[in-house]
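Colleague: I would like to go through a structure step by step. Please start with a residue and its surroundings.

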Amino acid sequence: MLSPMLGFSLSKMAKSARFAALALATFCAARCGIAQDTPLISGGVGFFSATNGGNTTYQPIIEPLIAAPIGSRLLIESRATLLESFAPNVGGQPGYDHTHFLGFTYLQADYIASPHLTIVGGDYLLPFNTFNDRLSPIWINNLQDGPLIAGLGIFSSGSGIGGMLSGSAISRSKYSINYNAWFSARSGNEQFNSKRSSGGRASLYLPDSRLEIGLSYDRLLQGTHENFYGAYVWWEPKDTAFRLRSEFARGHHAQGYWIEADYRTQAFGGLNSWIGRFEPVFRMQQTFRRDTIVSDGLPLVNTQRADFGLDYNLPHNTRILTSYSRQFSSSGNANIWETGIVYRFLIPTWKGKSQ
Amino acid sequence: MSQRHFLVRVALSVIFMPLLAALQAESQAALQAVTQTGKKQTPIAHAFEQRQGEGERIFEQNCSRCHTAPESFSPRISGTIVRHMRVRASLSQHDEQELLRFLNP
């Protein structure tokens, strides 16, 4: 039989053990919660070749992305581009000439202030229309090249330095409305270049019809102040792997549009069958000059271009991109052949604790 | 120029007409498959699948809109991916939670 003193001690010990077990369980639960938030490294590594009007270039490229959550509301994220471009020497000289580029695409901090508001600070991608901030990564874009009008409204650098408010204003089962509003300061830094500007984007998404409609506006606030207007429509019918995307943009000196459709069939054994991995892509685009002042990266004369692509989605996040494009303009027509391969990686930065 | 326009129109018709026909056929086939599988579910399995379905719907509507889903990733980074998606795709808080549940069932 136990003495009362020993019984009291054992009872105290049992209480302490229970408390310790509870504390350990709470700690483990917290660790498990944190364990899902290990910083990640993602991105794409690829090799592209393009033959434009008879001139061939080869381009190995890597676009790493890092995302690191801090606490429950903060996320630091950044993307960079490293590429080397090789082209045969001109004038019949043997060998290749090469140029390289290394730079940050963006480096931003995102603070989730409320269910409807995220505050973004740093060097962020300008959310003008959709291509720049959604489709430009090499592991996302269906074709090697961006649309001809991709330069409109993003002020050559594609990013702004300053602040942005964004989020989901309304989210219902039948519709949702998203917004972005930003202000950028002027910066001449080599890595973090931006122009003084401000703008915004608003979009309406209808989940039942899988339709998204958006409007963009921004204004250059240095030198000659210029306005840029954009509109886009995306449609992705339910239960299909068909996507239709389109954009229109109008700048001070030029305007244009693009329409892109891509499709993967599920009819022959699903998307992961050998035939379901094929992805035909078609993009039609036109640009129109409003005057002869060239400051936006668009062609110097009115241009029409049709891109016919055929991608193949290999296992292990690897994608082969091929395309043929025919470009028509008063300065001359051209054939553009492009092939490339892209591997997308996505890994934790360290082992961390598994669940 | 008019001949070029005509050729572009013909090319568009040739590409889009079979595509739209195939899309319609696939939509109907998918709808039939969902209806058939729905009849055999127990209430618990149905509730579980409904929650999974909600996360899957959010995934399809927001993530797959821009990019193909990665084949697999470590569960240690699922929270980071979802938070990144919340910022990039302006997800609501509810959608973020459902998406996290979908990625970690």
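Modeller: This is a predicted model. Take His316(A) to begin with: it has 10 C-beta neighbours inside 10 Å, so it counts as exposed, given that the cut-off for exposed is 12 or fewer.

Colleague: Where does His316(A) lie?

Modeller: His316(A) sits in the loop of chain A that runs between S16 and strand S17 (318-329). Its phi is near 60°, which is a positive value in a residue other than glycine.

Colleague: Which residue of chain B has a positive phi although it is not a glycine?

Modeller: That is Ser90(B), with a phi of about 50°. Ser90(B) is placed in the loop between helix H3 (78-88) and helix H4 (93-103) of chain B.

Colleague: Is Ser90(B) buried or exposed?

Modeller: Ser90(B) is buried, because 25 C-beta neighbours fall inside 10 Å and the cut-off for buried is 20 or more.

Colleague: Now the interface. How is its size usually stated?

Modeller: The size of an interface is often given as the accessible area lost when the parts come together. Here we have residue counts: chain A brings 46 residues to the contact and chain B brings 35 residues.

Colleague: Which elements of chain A each supply at least two residues of the side that touches chain B?

Modeller: Among them are strand S2 (55-70), strand S3 (74-88), helix H2 (131-135) and strand S18 (334-348) of chain A. S6(A) gives the most to this side of chain A, with four residues.

Colleague: What is the makeup of that side by class?

Modeller: The side of chain A that touches chain B has 21 nonpolar, 17 polar and eight charged residues.

Key
Residues numbered from 1 in each chain as written. Chains lettered and ligands numbered in written order. Predicted model: local features only at pLDDT ≥ 70, side-chain atom pairs only at ≥ 80, totals over all residues. Contact = placed C-beta atoms within 7 Å. Nonpolar A, V, L, I, M, F, W, Y, C, P; charged D, E, K, R; others polar.
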